[in-house]
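Subject: Handing over a structure

Hi there,

Here is the structure I promised to pass on. Have a look at it first, and then read my notes below.

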Amino acid sequence: MRMPSRLSVLSAVVVLVGLGSAVLVWAGSDRMPGTVLEPENEAVIAKGKSIYAANCASCHGANLEGEPNWRQPKPDLTMPAPPHDESGHTWHHTDRVLFDLTKYGLGKLIKNPDYKTNMPIYDGVLSDKEIVAVLSFIKSSWPKEVRQRHDELNLKSREEEK
Ligand code: HEC
């Protein structure tokens, strides 16, 4: 058997490295590791459910129902916590927006650091995985059609990013 020439070994390596990084770029843009919700993963949902009970239910309601009259500002002009079930507008936001909002806060997202809100900032309180888990649990509670519309929203925003 003829030994492969140095050149062909080198070009095989170049091709492999090229393919590898193309796959990485693709995975990074399409799946956004660390921020993609997993509403079909039972283990993630179970974890998210207990994180929700411990960290979110006090404001957003034990059954994701939100505070009463959640559309009316409170006397101090802050907004009540909205529901996370399909009657609210949580599902109007992409995975990325929900993640950033929970981790870095609303003020950062709307670029108004002075915005007065009772929604806590979870950076340093919950890990990225825990934030993904709790949001996955929330998404898992939505009816199938709403989950599908949310998937489409994610897809559309990812296409716009390209
Ligand atoms: C101390 C009360 C409080 C706790 C605890 C809390 N939230 Fe909130 N949350 C709010 C309020 C109030 C808003 C509305 C913010 C505004 O408009 O000022 C909000 C808004 C949100 C929104 C935006 C929803 C939308 O439709 O725009 C998300 C997402 C959210 N919270 C997720 C969470 C998660 C996840 C947890 C638990 C890890 C949590 N919140 C815990 C009070 C709270």
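Leu135 is in contact with Leu37, Leu98, Phe99 and Thr102, leaving aside its neighbours within four places in sequence; two residues are in contact if their C-beta atoms, placed from the backbone, lie within 7 Å. Leu135 is also one of the five residues, with Ile131, Val132, Ala133 and Val134, that touch the most other members of the largest nonpolar core, a group of 17 residues. By nonpolar core I mean a set of buried Ala, Val, Leu, Ile, Met, Phe, Trp, Tyr and Cys residues joined through C-beta atoms within 7 Å. A residue is buried if 20 or more other C-beta atoms lie within 10 Å of its own, exposed if 12 or fewer, and partly exposed in between, with C-beta atoms placed from the backbone. H2, H4 and H6 each supply at least two residues of this core, and H6 gives the most, with seven.

Before going further, please note that this is a predicted model: local features need pLDDT of at least 70 and side-chain atom pairs count only at pLDDT 80 or more, while totals for chains, interfaces and linings use all residues. Residues are numbered from 1 along each chain as its sequence is written.

The protein has seven helices and zero strands; these are DSSP runs numbered from the N terminus, helices being H or I with at least four residues and strands E with at least two. Of its 162 residues, 18% count as buried.

How do H2 and H6 pack? Helix H2 (residues 42-55) and helix H6 (residues 128-140) have axes 7 Å apart, at an angle of about 95°. Axes are lines fitted to C-alpha atoms, for helices over the stretch in contact, and angles run from 0 to 180 degrees between N-to-C directions. H2 and H6 are therefore roughly perpendicular to each other, a label for angles of 65 to 115 degrees, whereas under 35 counts as roughly parallel, over 145 as roughly antiparallel and the rest as oblique. Among the residues that meet there are Ile45 and Tyr52 in H2, and Val134 and Phe137 in H6.

Finally, Leu155 is found in helix H7 (residues 144-161). Leu155 counts as exposed because it has 12 C-beta neighbours inside 10 Å. Leu155 and Thr94 are 61 residues apart in sequence and 9.0 Å apart in space, C-alpha to C-alpha.

Enjoy exploring!
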